[in-house]
Amino acid sequence: MANWVMVLFFLYTIKRIISYTAPEDCEWTALNDNDVSLTCHLERIVASGVLATNFSLIQSQSTSSLTIICDPMYFESHLAPLSFVHLRYLKSLNIYQCKLKYLSKEAFIGLENLRNLSIQTTNNYWKIFSLNMDDNSLDEMQQLAVLNLAYNNLQNFSDALLCELNSLKILNLTHNDLSTILSKDNVSDYEGSRNCAGSLSELDLSFNKINRITPKNLQKLRKLRLLNLAHNNIEDVDAFLFTNFEFLQIIDLSNNMLKKIPAVLFQDSPDLREIYLQDNAIYSIPSGFFSGLQQLLVLNLSSNHLSSNLIHQPFIDLIRLVLLDLRNNELTFINSTLLLSQYSLQMLFLSHNKISFIEDNSFSSLYNLHTIDLSHNHLEYLDAFTLNGLYVLSDLNLAFNNILMIHPDTFKNCSTLEKLSLQSNNLSFIPDSLAALQFLKSLNLENNDISDLYNSSLLLLKQLRYINLSQNKIGNLTSKNFKLLPILKELDLSKNQIYNLQHGVFDDIESLIKVDLSDNFLTDINGLFMNLKVLKHVNVSRNKVQWFDYAVIPVQLEKLDLHSNEIEILGNYYELENTLQLVQIDVSYNYLVDVNGASFPNKIKVIRINNNRISNIHPFTFIAKSNLTYVDISNNKIQNLDINTFRLNQNTLKKPLPQFAISGNPFFCDCNMEWLHHINKPDGSNNFPRIIDFNEVVCKLSFTRPHSYIHLSKSKSSDFLCKYGSHCFALCHCCEFDACDCEMVCPDECTCFSDQTWNTNIVDCSSQGYASIPSVVPMDVTDLYLDGNDISRLSSHAFIGRKNMRTLFLNNSNVHTIDNRTFNGLVNLRILNIENNHLPALYGYEFESLIHLEELYLSGNKITFVANITFQNLKMLSILHLNHNFIKEFQVWNLNWNSRLTSVRLSHNPWICNCDYLELFHEWLHGASFVRDVESIQCRYNETAGLYLTAFNMSSCSQPNYRNYFELTFHLYYIAIPIISLLLIIMILICLCRHNIKVWLYTKYGIRLFKRNTYTAESEKLFDAFVSYCNKDETFVLQFLTPELECGEPSYRLCLRYRDLPLSEYVAEAVTEAIECSQRTIIVLSEHFLRNERCRFELKTAYRESQCNHKHKLLIVVVGKISFKSLDSDAKQCLSNAHIIHWGDKRFWQKVKFIMPNVNPRTVLR
């Protein structure tokens, strides 16, 4: 009876689970007999409106876990109150990527049984807003044990949120924007007195912006077991931060900005097991910092600034420490007291320091240590007692030091060592001390200065399985070097200086699986590997090997790398292709010229023969390779491939097709290569591989018009052509007679091509001097090229019977006449090119039978007349070129009959400038978008270029006298242009010579152009000009300058520096006053003037006056040669706006008087 009850209960449970129905966009999985986990993918959560998210559709009874994932591209989500009120059995709720901005206190009502709540909005990636929560929003979930609020861009989190969560154990606040641990903002006195969050055991605050922690922040978290504060901005911690934290076991303060740590920080946390302080800026460890931490197991102090001047025995209380990480610090030596009491230590990391010395017996107490990393330091020598006491050491890393010598007894007490790395040191020979390492399995001596292996210490390492001797200076080797290494499995001798190896050199290494001899100078590998019965992988790349045969490798070899050698042939003298187990071979970058089926074993999977000189791959080369997956034959010299070259074995049909790479070869794509065009098209046969670089394969075509090369992916079957001289079809019975329509005979001096199906038959008679159409053009010709000949007349029925012709080129053939019915019978002609001939007119009958013509090229002829019906029958015409002819008038609007036109060219014709015609022409062009040269269409009037039709004004033709008006406008247009051009030239010349013109007008007629002649108040000044000069230039001033200006017409009142001013100590004030009392200042500029400080002062004073009084002008008279480029900046500034005249210039006095002020008639005192 009990069994039946169990069965019925089970069936009821199954029925209930099976009857579960998930809403749209959701999927469910059964967790057990009663519970269902539901996952829903939404665009976003909508609180109200037509698009509101309806969570009530979720079945309540069986749903124990609900995950909501929003689309990350949508913006804001809103969670309505009472959204989950009916889900009373829900235990886990996860909301991911929903951009929630606020959670109200009613949001989670009804979730009394919830144990796990995770809300990750990823607001931290958007940075637009942060998640805000009502202080009572979590009060309903009193059973909550795990709360995950990571990735929400939280800027504030009050512990009042946790006051009702007495069961909460784990709180995750990582990846937010918090600056404090748990804030107390807006907390009532009652809540402040409660122990909110007191039940927490794990708190994760990593990846925030916390910069300081005080005891007040953690005063209610006494039960914490784990505290993660990594990746913050903490610079300082309070000394009593962890007082009474007796349950704390794991503390992570890594990746902060700590520079110092208080000595008593962890004294009240005796149960600490793990401390992480890496990636800070700690310089020292205070005395007693680790006191009382006897339970500590893991200590990470890496990536700080710790030096060797630590306090005496800093880790003395850490007797149970298992892992100590001191990497990336500034340690320079290790003394015997540093690790004196770490008996339990198992892993020690000291790499990336500056350690150059290790005191004897420094590790003597570490008898449980099995891993030590001393790489990337400055060690030069290991003493006999350096590693004393490390009895169980199994992994020792001494790579990247400067070790020159190792004492013979260094490893005497480390006999259990299994892995030793001495990579990148300065060892010149194999240390004798290695003889003590009887259990050593892996030895790395890469990148040293070892030149030979004659040291017997290697021969004693009977447990050695791996040895790396690459990047040394090892020369030739003999069998004695490896005689006693029977279980060695991997040997790396790459990047040495090995030129020759003795036959059987590796024969004693019976267990050898992999050997690397790359980057040496070997020329022959015969006799090296054939006796190694378990060898699987050989690398002899980048050597000088010139000869290879499969007989030189063992049968069971699986991988062979021979790339970058000088091998010309893959020999297989003993026909071992069915015996060899080789699955991968690389012979790229060699000198191979030919490959066939015997070149590769039949079990091969991967073949690399790219970048060789291969020009021939035999048919059926790969047909027996049933395991083939990848072949690279790119970048060779292959021109032709037989259709059977890539043919595969039928046994491979159930496997994925092999991938071939063939680009970079100079393929010549004639009709025999047409199969390659279809190779990647699925046809159900799977007899050929898939070409993975199909889009990169380039072919050279046999018929090079219109292009010589083409990408294989863009080619057509008609591109693959072969030459022929004559051809007779199998069903043709008249080939023995002269007149046989089904016989294909290529005309003399012509070149003919066809594809394999003869659907394309090209006859190329270009530039062969034909005076008429060849009489023996094949009847099935599809493309006929007669361009560049001298065929003046195209007679009637010249192409009769060529019904398959699609292309006809007669351009540049001196054609003068096209007879009626010349093109009769060419019912399938698509392209006709008669450009650059001498056709005088088109009378309408020339193309009437070409009803399928699509492209017609007539440009560059001498056509003067085109009948209106010429193109009427060409309903399929899409391209028409009539440019560069002599057409004056043609009813172009008749081209509307050709509805398929896409490109028409009509420019460079002498269209008449008749207003009636132009109006219709212009109107037609307005709707003819297919005219490609509309901007260049221009009419002509009396052999003179006229208006462009785009500039034609139709309104001018609508007046009663529109014709006269148009002609008058036309004449005025061509008269106005030269006149306007002449006026522009005159104005430009006037602008360039305006100063000389002003001077000439003033001298000749006394007119100051563009200047006022009214006598202003300036004339009331005492002097017309003040003359500043150096006393060494006084002769020029008194004999030339002064007489002309004071005694000439007109005469001016001058004040001379050395004649009229007193030579007193107040001369500076006198000069300044004289300049202010003058309308002009004349500077006699010379080398003497520029060297004189007083003269330079007068120049600056005059410049300052001209800046303050714009009517005061500065006149510079240059005497002698002066380089203005060498002047200092002050002198250049003073001369920038001055009038400069050189003594001896043409019209010198006229220029000077032009700049001088106007003077009224007055009595001049002389």
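# Tour of a predicted chain

Start at the largest cavity: its lining has 4 nonpolar, no polar and 4 charged residues. Here Ala, Val, Leu, Ile, Met, Phe, Trp, Tyr, Cys and Pro count as nonpolar, Asp, Glu, Lys and Arg as charged, the others as polar, Gly among them.

The model is predicted, so local features need pLDDT of at least 70 and side-chain atom pairs 80 or more, while totals for chains, interfaces and linings use all residues. Numbering runs from 1 along each chain as its sequence is written, and side-chain values use heavy atoms, without hydrogens or water.

**Stop 1: the cavity**

Select Leu1090, Arg1096, Leu1099, Lys1100, Asp1128, Asp1130, Ala1131 and Cys1134, which line the largest cavity. A cavity is a set of points on a 1 Å grid where a 1.4 Å probe fits but cannot get out, and lining residues have an atom within 4 Å of a point. Show helix 12 (1093–1108) and helix 13 (1129–1135): each supplies at least two residues of this lining. Helices are DSSP runs of H or I with at least four residues, strands are E runs of at least two, and both are numbered from the N terminus. The space in the largest cavity is about 40 Å³, a volume filled by probe spheres set on the grid points. The count is 3 cavities of 30 Å³ or more.

**Stop 2: the whole chain**

Zoom out. How many helices and strands does the chain have? There are 14 helices and 68 strands. Of its 1166 residues, 49% are buried (under 20% relative accessible area with a 1.4 Å probe; over 50% is exposed, in between partly exposed). Among contacts (heavy atoms within 4.5 Å) with a separation of 6 or more, 57% are between residues 24 or more positions apart.

**Stop 3: two phenylalanine pairs**

Colour the aromatic rings. The count comes to 42 aromatic pairs. Select Phe482 and Phe506: the ring centres are 5.9 Å apart and the planes at 40°, so this pair is tilted. Rings pair with centres within 6.5 Å; planes under 30 degrees apart are stacked, over 60 edge-to-face, the rest tilted. Phe482 is in the loop between strand 29 (466–468) and strand 30 (490–492), and Phe506 is in the loop between strand 30 and strand 31 (514–516), so the pair ties together parts 24 residues apart in sequence. Both Phe482 and Phe506 are buried.

Next, select Phe622 and Phe646. Their ring centres are 6.3 Å apart with planes at 50°, so this pair is tilted too. Phe622 sits in the loop between strand 39 (616–617) and strand 40 (630–632), Phe646 in the loop between strand 40 and strand 41 (659–661), and the pair links parts of the chain 24 residues apart. Phe622 and Phe646 are both buried.

**Stop 4: Phe660**

Buried or exposed? Phe660 has 0% relative accessibility and counts as buried. Beyond four places in sequence, Phe660 touches Phe622, Leu628, Val631, Phe646, Pro689, Arg690, Ile691, Ile692 and Asp693. Draw the C-alpha distance from Phe660 to Val631: it is 4.8 Å, across 29 residues of sequence.

**Stop 5: a ring cluster and two arginines**

Select Phe242, Phe245, Phe266, Phe289, Phe290 and Phe315 together: they form one aromatic cluster. Then go to Arg613, whose charged end sits over the ring of Tyr591, 4.0 Å from the centre. For such a case, NZ of Lys or CZ of Arg is within 6 Å of the ring centre and within 35 degrees of the ring normal. Arg705 lies over the face of Phe809, 5.5 Å from the ring centre.

**Stop 6**

Select Leu396 in strand 25 (residues 395–397). Leu396 is buried at 0% relative accessibility. Which residues does Leu396 touch, leaving out those up to four places away in sequence? They are Ile372, Leu387, Phe411, Leu417, Lys419, Leu420 and Ser421. Leu396 and Thr371 are 25 residues apart in sequence and 6.1 Å apart, C-alpha to C-alpha.

Ser104 is in the loop between strand 7 (102–103) and strand 8 (116–120). Its relative accessible area is 12%, and Ser104 counts as buried. Neighbours within four places aside, Ser104 contacts Pro81, Asp134 and Ser137.

**Stop 7: backbone details**

Go to Glu1049 and Pro1050, joined by a cis peptide bond with omega of about -10°. Pro1050 is in the loop between helix 8 (1034–1047) and strand 65 (1054–1056).

Glu749 is not a glycine but has a positive phi of about 65°. Find Glu749 in the loop between strand 48 (743–745) and strand 49 (751–754); at 59% relative accessibility, Glu749 is exposed.

End at His908, in the loop between strand 60 (903–905) and strand 61 (911–912). His908 also has a positive phi, near 55°, and at 47% relative accessibility His908 is partly exposed.

How values were computed:
Phe/Tyr/Trp six-rings, centres within 6.5 Å; stacked < 30°, edge-to-face > 60°. 1 Å grid on protein atoms, 1.4 Å probe; cavity = no way out; pocket = protein on both sides within 12 Å on 5 of 7 lines; lining within 4 Å.
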